[in-house]
Amino acid sequence: MVMDLKKRSMLKNLVGELKKEGIQVTHASAEGFEAPYSIGRHRPDIIGTYPNGQGVVGIVRLGGSDITSGAGRQEIKDMSTRISQKTHKVIPLYIAIPATATQELMRVLKEIGLDKKDNIRVRSY
């Protein structure tokens with residue numbers, strides 16, 4: 001899968017940030033990692049775990065139809081409601097987005113009723 005430079009750089013930033021938070025990144029769409037597996041109908045860009053075994057997923061979005069299309073919205077909705085088999089809690093979803101598209105993402109999250117969910121962590125680069 002060919003990934004453009006912007007997306008690759010945001011993915012690298014998000015992996016770095018997750019590691020700083022103590023998350024062990026087990027899978028990522030990046031060099032040196034095993035490719036992420038599908039979770040339900042979708043394949044995230046990053047899969048990891050907290051030291052307590054709680055799973056975490058990350059997706060990189062570039063804005064535009066990536067988040068505003070029906071498929072984009074559905075993927076965000078699906079990924080934000082996954083339950084950890086280990087902790088039985090909702091899995092944290094990290095969304096990496098260009099700073100220029102942050103407002104657009106916030107609007108979409110509000111439209112699909114996810115703007116108040118505390119398991120969604122938006123990181124803009």
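I began with the accessible surface of the protein chain, computed by the Shrake-Rupley method with a 1.4 Å probe, and noted about 6900 Å², of which 51% belongs to carbon and sulfur atoms. I kept in mind that this is a predicted model, in which local features need pLDDT of at least 70 and side-chain atom pairs count only at pLDDT 80 or more, while totals for chains, interfaces and linings use all residues. Residues are numbered from 1 along each chain as its sequence is written, and side-chain values use heavy atoms, with hydrogens and water left out.

Next I listed the elements, taking helices (H or I, at least four residues) and strands (E, at least two) as DSSP runs numbered from the N terminus. The order in the protein chain is α-β-β-β-α-α-β-α-β.

I turned to strand β4 (residues 93–97), in which five of five residues are buried: L93, I95 and I97 lie on one side, Y94 and A96 on the other. For its partners I used the rule that two strands pair if DSSP finds at least two bridges between them. Strand β3 (residues 55–60) pairs with β4 in the parallel sense over four bridges, and G58 stands opposite Y94 there. Strand β5 (residues 120–124) also runs parallel to β4, joined by five bridges, with R121 of β5 opposite Y94.

Last, I noted that the C-alpha atoms of the protein chain fill a box of roughly 35 × 30 × 25 Å, taken along the principal axes.

Methods. Buried < 20%, exposed > 50% of the residue type's maximum accessible area, 1.4 Å probe, protein only.
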